[in-house]
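Please open the structure in your viewer and keep the selection panel at hand. The tour below goes from one selection to the next.

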Amino acid sequence: MSISILGSGAFGTSLAISIANAGRDVTLWSRDNDAAEEMQRTRENAQRLPGATLPYNVTVTSELSAITDDTVLLAVPMQQLRSVLVANPSLHNRTLVACCKGIELTSGKGPIELIQEVAPAATAAILTGPSFAADIAKGLPTALTLACADADRLRDLQNQLMAPNLRIYRSSDPVGAELGGALKNVMAIACGAAMGAGLGESARASLITRGFAEMNRMALALGARSDTLAGLSGFGDLILTCTSTQSRNYSFGFALGGGQDFDPSVTVEGAATARATLNRADAMKIDMPITRMVVALLDRKLDVREAMAQLLARPPKEE
Ligand SMILES: NC(=O)C1=CN([C@@H]2O[C@H](COP(=O)(O)OP(=O)(O)OC[C@H]3O[C@@H](n4cnc5c(N)ncnc54)[C@H](OP(=O)(O)O)[C@@H]3O)[C@@H](O)[C@H]2O)C=CC1
Ligand SMILES: O=C(CO)COP(=O)(O)O
């Protein structure tokens, strides 16, 4: 039983290492021929995941024809997912497992909805939850949520992707799983900004908790289940991402709050997702004050202290 992974970034590479170490052959596809050849030769992804060794049973390639497996993990940033799907119609009848966390800016869709739109014949699934690529690649213990509407296919996939360090829980709620993973990145930017501006740990705890309430409000309105939001893909990933400097979303927020520059080439899913979420929330008349604050910070309409003052000054309400 072999697996293909499209996208050789930090996450795709770490999953390749973990799945290969569990004894399955993995084909890891990179869009860059030179990068693929170098990874295949050196057994390392020096650009995206330095220091981790690719097991012998990972083949790195830039040839799409080499992706013959039914199960294909899509490990590209959310805003690139549509173009990747459109460019590769040969994948449209496979089992496509989204490994990205976000909402598409142009459509307001999450990864599952997007796969269903562009590749309706595919079986769509999502792998999400609290996990840093560097931890997975080191073999550190990690638990993830795998969600798919097809119960039989979900059990097969779970068996294909489990590894000694990677415990995978099944979920029949793909909507909840994709929304938890997307929305927590927005809250991580907010928490990073508060910490970067020196507003303190109490402020961060409030943002995490009220951010979770906000995530639930949006997700339940879109048909998600509250137990999914309370699980690894929602609450679990919210905690990890809002409290760790390993997180790119948190670090981006921290730089924003502290008035520092941030490398624009780094993948920060929460920025586009904040805008996409706010558009959808406004259309649905759902109150998302922290997401609104993050968008105002991104647009430089407010600084962090002003944004926090506005959050605190909202009319009194019940928790
Ligand atoms: N890193 C992590 O710890 C985790 C990441 N994720 C999620 O995984 C997703 C990917 O993140 P991550 O791997 O970290 O990001 P990286 O920035 O490390 O890598 C992104 C990868 O996507 C590739 N890519 C970008 N656009 C395209 C395209 N149009 N066609 C083909 N390949 C493309 C890039 O190629 P190139 O190298 O040529 O630029 C690169 O290999 C995100 O949604 C993230 O939220 C989830 C859990 C953990
Ligand atoms: O999704 C992640 C952890 O679960 C990775 O977070 P960042 O994209 O913020 O680095």
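This is a predicted model: local features need pLDDT of at least 70, side-chain atom pairs count only at pLDDT 80 or more; totals for chains, interfaces and linings use all residues.

Residues are numbered from 1 along each chain as its sequence is written, and chains are lettered from A and ligands numbered from 1 in the order in which they are written.

Begin with the open sheet of 8 strands, whose order is 5-2-1-6-7-8-9-10 with mixed pairing (strands are DSSP runs of E, at least two residues, and helices are runs of H or I, at least four, numbered from the N terminus; two strands pair if DSSP finds at least two bridges between them). Strand 5 (58–61) and strand 10 (166–171) stand at the edges with a single partner strand each, so one side of each has no neighbour in the sheet.

Next select residues 3–6 and 71–74, which are strand 1 and strand 6, running parallel and joined by 3 bridges; Leu6 has Leu74 as its bridge partner in strand 6.

Finally, centre on ligand 2, where 13 residues form the surroundings, the closest being Pro130, Asp237, Ser247, Arg248 and Asn249 (a residue is near if its C-beta atom, placed from the backbone, lies within 6 Å). Helix 10 gives the largest share of this shell, 3 residues. Domain 1 (3–172) and domain 2 (176–312) both contribute to the shell, so ligand 2 lies between them, with the domain bounds taken from an automatic or database domain assignment.
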